[in-house]
Amino acid sequence: MIGTKLCGVTNPAIIPCINACMPTYVGFMFYQQSKRFIPMDAARALKAQLNPHITCVGVFVNAEPNTVAQALERGVCDVAQLHGTEDNAYIRALTRLTHKPIIQAFCVKDKNTILRANNSIAPMVLLDAGGGSGTCFDWRLLCSVNRPYILAGGLAPHNVYQALCTASRYHAPVAVDVSSGIETNGVKDANKITAFMHEVARFNHEHANTH
Ligand SMILES: O=C(O)c1ccccc1NCC(=O)[C@H](O)[C@H](O)COP(=O)(O)O
């Protein structure tokens, strides 16, 4: 079963739709320069309204390890996604402060990015095109992946099924991540969320015995 991560949630009005769809993860952007930035107090309030079986991911860009560890330890989020230039030394420093799960994001440009992701000491990597940009990378590069990963970057209801078909020829992701593709005019859109989740469920149903 391939999971789902709905990223950049800021609006309490979308929570009933998310609870009805039951994604694996919901992402909160704690990077102030992001147009999807949400303060930690507001994220905590949204988390309290989410079904407790949904895992909340805090997205950070080159934040101080202490800031990330505190958000995890105080329960603002369950998992930290590192979306800047954090390296293995940073991850070692963070894991001295917290044992909570970490996802390291990579903006895939070429095969070299995939090789760097393969060598990450983070328990999970997210392969993206550019943070929240709505653009895809060349999915054929996934032929070089040799570890569990989350697929991101320009996914949307119209292309997520095809992305999963292409990725699964090489190495299926554990989950797909989406942000821009479930928005209309910068706001999360219940119809697009439902359509995205439906497409992933369709793939899972049709490939039930192959992953
Ligand atoms: O979403 C942002 O604004 C963002 C800004 C800076 C770094 C990361 C950001 N998003 C992280 C995510 O996990 C997005 O879901 C991922 O990049 C995919 O975004 P999209 O291509 O828009 O689906």
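Asn11 is in contact (heavy atoms within 4.5 Å) with Leu46 and Val187, leaving aside its neighbours within four places in sequence. The structure is a predicted model, in which local features need pLDDT of at least 70 and side-chain atom pairs count only at pLDDT 80 or more, while totals for chains, interfaces and linings use all residues. Residues are numbered from 1 along each chain as its sequence is written, and side-chain values use heavy atoms, with hydrogens and water left out.

Asn11 is placed in the loop between strand S1 (3-7) and helix H1; helices (H or I, at least four residues) and strands (E, at least two) are DSSP runs, numbered from the N terminus. With a relative accessibility of 27%, Asn11 counts as partly exposed. Here buried means under 20% relative accessible area, exposed over 50%, and partly exposed in between, with a 1.4 Å probe and protein chains only. The C-alpha atoms of Asn11 and Arg36 are separated by 9.9 Å, the two residues being 25 residues apart along the chain.

For the protein chain as a whole, the secondary structure comes to seven helices and ten strands. The radius of gyration is 16 Å, close to the 17 Å that the globule rule gives for 211 residues, so the chain is as compact as a globular protein of that length. The radius is taken over C-alpha atoms, and the rule is 2.2 Å times the number of residues to the power 0.38. The C-alpha trace spans about 40 × 40 × 30 Å along its principal axes. Of the contacts between residues at least 6 apart in sequence, 58% join residues at least 24 apart.

Of the 211 residues, 52% are buried. The accessible surface of the protein chain is about 9700 Å², and carbon and sulfur atoms contribute 52% of this surface. Accessible areas come from the Shrake-Rupley method with a 1.4 Å probe; for residues, only the protein chains shown count as cover. The protein chain carries 18 positive and 14 negative side chains, and the centres of the two sets lie 2 Å apart. In this count Lys and Arg are positive and Asp and Glu negative, whereas His and the chain ends are not counted. Each charge is placed at NZ of Lys, CZ of Arg, CG of Asp or CD of Glu.

An unreviewed UniProt entry annotates residues 8-197 as "domain: N-(5'phosphoribosyl) anthranilate isomerase (PRAI)". UniProt positions are given in the numbering used here, feature names are shortened, and annotations may be inferred rather than shown by experiment. In the model, the span 8-197 is 33% helix and 19% strand, and its end C-alpha atoms lie 16 Å apart.

Helix H6 comprises residues 160-170, of which Val160, Tyr161, Ala163, Leu164, Thr166 and Ala167 are buried. The buried residues of H6 pack against strands S7 (149-151) and S8 (175-178) and against helix H7 (190-206).

Met40 belongs to helix H2 and is partly exposed, with a relative accessible area of 27%. Leaving aside neighbours within four places in sequence, Met40 is in contact with Phe30, Phe60, Thr67, Ala71 and Val76. The C-alpha atoms of Met40 and Ala71 are separated by 7.9 Å, at 31 residues apart along the chain. Ala69 lies in helix H3 and is buried, with a relative accessible area of 5%. Not counting residues up to four places away in sequence, Ala69 touches Leu94, Leu97 and Thr98. Between Ala69 and Lys100, 31 residues apart along the chain, the C-alpha separation is 8.3 Å.

Several loop residues were also examined. Met22, in the loop between helix H1 (15-21) and strand S2 (25-29), has a phi near 55 degrees, a positive value in a residue other than glycine. Met22 counts as partly exposed at 34% relative accessibility. Asn62 occupies the loop between strand S3 (55-60) and helix H3 (65-73). Its phi is near 50 degrees, again a positive value in a residue other than glycine, and at 43% relative accessibility Asn62 counts as partly exposed. Gln32, in the loop between S2 and helix H2 (40-49), counts as exposed at 63% relative accessibility. Gln32 and Ala152 are 120 residues apart along the chain, and their C-alpha atoms are separated by 21 Å.
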